[in-house]
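Take a walk through this model, one element at a time. Keep the sequence beside the fold as you read.

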Amino acid sequence: GGIGISIGVRDRWVTVIAPIEGTPAWKAGIQGGDRIIKIDDASTEGLSLDDAMKKMRGEKGTKVILTIFREGRDKPLEFAIIRDIIQIKSVPFAGVLSNGVGYIRLSSFSERSRDEIDAAFAKIDKQRPRGVILDLRYNPGGLLSQAVEIAEEFTPRGKKIVYTRGRDPQQNRDFYSTSDQTHDQYPIVILVNQWTASASEIVSGAMQDLDLGLVV
C-alpha cells in the first residue's frame, strides 16, 4: 500500500511534486510544493527518495503521519493518512459537459496513456462536442515517448513536436508526428498550472508553438 504522491528532493528536503488524483494523499489535502519535514517521527532532511518512499509505503489500512511545511503557513501541518492500494489511471475522467464541451483529465503519463486518451476521444466524439478541454493541471509528467504520442493526437503528420540535444551529437533526436488522423475539427483548450511539469509541458508547449490549441 501507499499514499499516492510524486516526490522529489529540493534543498535536501523531500518535496511533493503532485498528489495523484483519487488517492489518500489527494483526499487528505496534500499539495504540490509541500515540503515533507517528517514521516511519522523521523526527519526527512537529507533522506533519499528511495528511503522516503519505503517509509511512506506499508500495509493497506495502516496509518502514516506526514508533517508538512507549506509556503505561507506559520506552523507545520500534520496529516494522518491511511495507506491504500494505488491504482493509477492516466485518464481518470472524460466526458461531455452540459454546455456541449468535451473534457479530458490527463493526470499522468504512462505506457497506457495513448490508449486511454484514444478511448476518451472515441467516447466524446460520438457526442459531437463543440470544443474539447484537455486538463493537464497537477500532471507531473512521465515518459517522453508518451508525451510525443499524446501530442500526435492533435499534430498533423510531419510537424516537429519536440527535440532533444545532448553533449554527444549521437544523443540528438527530433520527434515528428506520424499521425494521419488528428482532433482538429473543434477548438482545443489546454489547462495548466504551476504543477504542470515535464511531459505535460512538452504537450502543452508543442500545441502552443504549432497553434493547435489555446493554453490557459
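What follows covers a strand residue, a hairpin and a helix.

This is a predicted model: local features need pLDDT of at least 70, side-chain atom pairs count only at pLDDT 80 or more, and totals for chains, interfaces and linings use all residues. Residues are numbered from 1 along each chain as its sequence is written, and side-chain values use heavy atoms, with hydrogens and water left out.

Start at Thr15, in strand S2 (residues 13-19). Helices (H or I, at least four residues) and strands (E, at least two) are DSSP runs, numbered from the N terminus. Thr15 has a relative accessible area of 5%, so it is buried (under 20% relative accessible area, 1.4 Å probe, protein chains only). Its side chain reaches the backbone oxygen of Trp13 at 3.2 Å. Beyond its neighbours within four places in sequence, Thr15 is in contact (heavy atoms within 4.5 Å) with Ser6, Ile7, Gly8, Arg10, Gly33, Asp34 and Arg35.

Next, the hairpin. Strands S7 (residues 93-96) and S8 (residues 102-105) run antiparallel, joined by 4 bridges. Phe93 has Arg105 of S8 as its bridge partner. The hairpin has 5 residues between the strands. Gly100 takes a positive phi near 90° there.

Now helix H3 (residues 113-125). Its buried residues are Ser113, Arg114, Glu116, Ile117, Ala120, Phe121 and Ile124. Seen down the helix axis, these fall within an arc of 160°, so they line one face of H3. The arc is taken from the directions from the axis to the C-beta atoms. What do the buried residues of H3 pack against? They pack against S7, S8, strand S9 (132-135) and helix H4 (144-152).

Key: Two strands pair if DSSP finds at least two bridges between them. Buried means under 20% relative accessible area, exposed over 50%, partly exposed in between (1.4 Å probe, protein chains only). A polar contact is a pair of N or O atoms within 3.5 Å; within protein, one must be able to donate a hydrogen and the other to accept it, and residues adjacent in sequence count only if both atoms are side-chain atoms. The expected span of a helix is 1.5 Å times one less than its number of residues.
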